[in-house]
Amino acid sequence: MAEVGIVMGSDSDMAVMAKAAATLEEFGIDYEMRIISAHREPEELVAWAKGAADRGIRVIIAGAGMAAALPGMVAALFPLPVIGVPMSSKALGGTDALYSIVQMPSGIPVATVAVDGAKNAAILAARILAVSDPELLQKVIAYGEEGRRGVVAKDEKLQKVGYKNYNA
C-alpha cells in the first residue's frame, strides 16, 4: 500500500517529480503518482487529497510551478505532512513558485524544498516516515553514509591528482 502521494499539476513537471519517485523506490517506499491541476480540476484535487489518508498515504509531495497553488491546496485538505516542490520556470526561474509555496497562511503548513528539489522532498518524506519505522531509519542512515563516502572519495581524488587534472 502506498505511503507517499506524489502529485504534480502538469506533465511538464514529470522530469523533476520522477526524481522523487526514483528516490522513494531506493528506500523501498510505495507511492502513488498523479497529475491533477489545482486550477483546472479542483473537484478531482479535493477528492484525491481528502481521501489520501484513508488510502494509507502518510506524506504528500506536491510539485507546482508559477502560481503554485497545488501544495497549499493539498495542505488545506490533507491532515498529514505536505512537502512542496517549487518548479523552475522560464519567466522567473522558479522564484515565483518558491514564494507562493513558502507563503502559506497560519495553520496550513507546507514544508518546502529547493526549486526542482524533488529528490530532497523524497528524502524528507523518508525521514518523516522513519520516525515510526526503525528499518526505514536504518536505510536513511545508510543513505547518508553513502553520500558521505562519495564526498570522501572525491576529496581523495583531488588530493591525488590536483585540481588541474581533477576533471581531465
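This is a predicted model: local features need pLDDT of at least 70, side-chain atom pairs count only at pLDDT 80 or more; totals for chains, interfaces and linings use all residues.
When I say that two residues touch, or are in contact, I mean that they have heavy atoms within 4.5 Å.

I'll start with Ser37. Ser37 sits in the loop between strand S2, residues 31-35, and helix H2, residues 42-52. Not counting residues up to four places away in sequence, Ser37 touches Gly9 and Pro42. Is Ser37 buried or exposed? Its relative accessibility is 9%, so it counts as buried, the cut-off for buried being under 20%. The side chain of Ser37 also reaches the backbone nitrogen of Arg40, at 3.0 Å.

Arg40 brings me to the annotation. In an unreviewed UniProt entry, "binding site" covers Ser10, Asp13 and Arg40. Ser10, Asp13 and Arg40 from that set are also in the lining of the largest pocket of the model.

Take Ser10 and Asp13 in turn. Ser10 is in the loop between strand S1, residues 4-8, and helix H1, residues 14-27. Asp13 lies in the loop between S1 and H1 too. Now for accessibility. Ser10, at 26%, counts as partly exposed, while Asp13 has a relative accessible area of 8% and is therefore buried. As for neighbours, the side chain of Ser10 makes a polar contact with the side chain of Ser12, at 3.0 Å. For Asp13, leaving out residues up to four places away in sequence, the list is Met8, Gly63, Ala64 and Met87.

The largest nonpolar core has 26 residues. Which residues have the most contacts inside it? They are Val4, Met17, Ile29, Ile61 and Val85. At least two residues of this core come from each of S1, H1, S3, S4, helix H5 (118-130) and helix H6 (134-165). H5 gives the most, with eight residues.

Val85 is worth looking up in the structure. Setting aside residues up to four places away in sequence, Val85 touches a list of residues that includes Val16, Met17, Ile61, Ile101, Val113, Asp116 and Ala121. Apart from this core lies another, of 22 residues, among them Leu45, Ala49, Ile60 and Ala68.

Ala68 is in the loop between S3 and H3, and with a relative accessible area of 4% it is buried. Now the backbone. Most residues other than glycine have a negative phi. Ala68 has a positive one, near 50°. Asp116 is another such case, with phi near 60°. Asp116 is in the loop between S5 and H5, and its 26% relative accessibility means that it counts as partly exposed.

Val115 is also in the loop between S5 and H5. Val115 is partly exposed, at 29% relative accessible area. Leaving aside neighbours within four places in sequence, Val115 is in contact with Pro86, Met87, Ser88, Gly93, Gly94 and Leu98. To relate Val115 to the annotated residues: its C-alpha atom and that of Arg40 are separated by 23 Å, and the two residues are 75 places apart along the chain.

On to helix H4, residues 95-102. Which of its residues are buried? They are Asp96, Ala97 and Ile101. They cover an arc of only 125° around the axis, so they are on the same side of H4. An α-helix has 3.6 residues a turn, so residues three or four places apart point the same way. What covers the buried residues of H4 includes strand S3 (59-64), helix H3 (69-77), strand S4 (82-86) and strand S5 (111-112).

One last annotation. UniProt, again in an unreviewed entry, lists residues 59-80 as "transmembrane region". What does the model have there? Over residues 59-80 the chain is 41% helix and 27% strand, and the end C-alpha atoms are 6 Å apart. I would keep in mind that UniProt annotations may be inferred rather than shown by experiment.

To recap: Ser10, Asp13 and Arg40 carry the "binding site" annotation, and the lining of the largest pocket takes them in. Ser37 is buried, and its side chain reaches the backbone nitrogen of Arg40. The largest nonpolar core has 26 residues, and H5 gives the most to it. That is all from me.

Note on methods: Residues are numbered from 1 along each chain as its sequence is written. Side-chain values use heavy atoms; hydrogens and water are left out. On a 1 Å grid over the protein atoms alone, a cavity is a set of points where a 1.4 Å probe fits but cannot get out, and a pocket is an open set with protein on both sides within 12 Å along at least five of seven lines; lining residues have an atom within 4 Å of a point. Helices (H or I, at least four residues) and strands (E, at least two) are DSSP runs, numbered from the N terminus. Buried means under 20% relative accessible area, exposed over 50%, partly exposed in between (1.4 Å probe, protein chains only). A polar contact is a pair of N or O atoms within 3.5 Å; within protein, one must be able to donate a hydrogen and the other to accept it, and residues adjacent in sequence count only if both atoms are side-chain atoms. The arc is that of the directions from the helix axis to the C-beta atoms. A nonpolar core is a set of buried Ala, Val, Leu, Ile, Met, Phe, Trp, Tyr and Cys residues joined through side-chain atoms within 4.5 Å.
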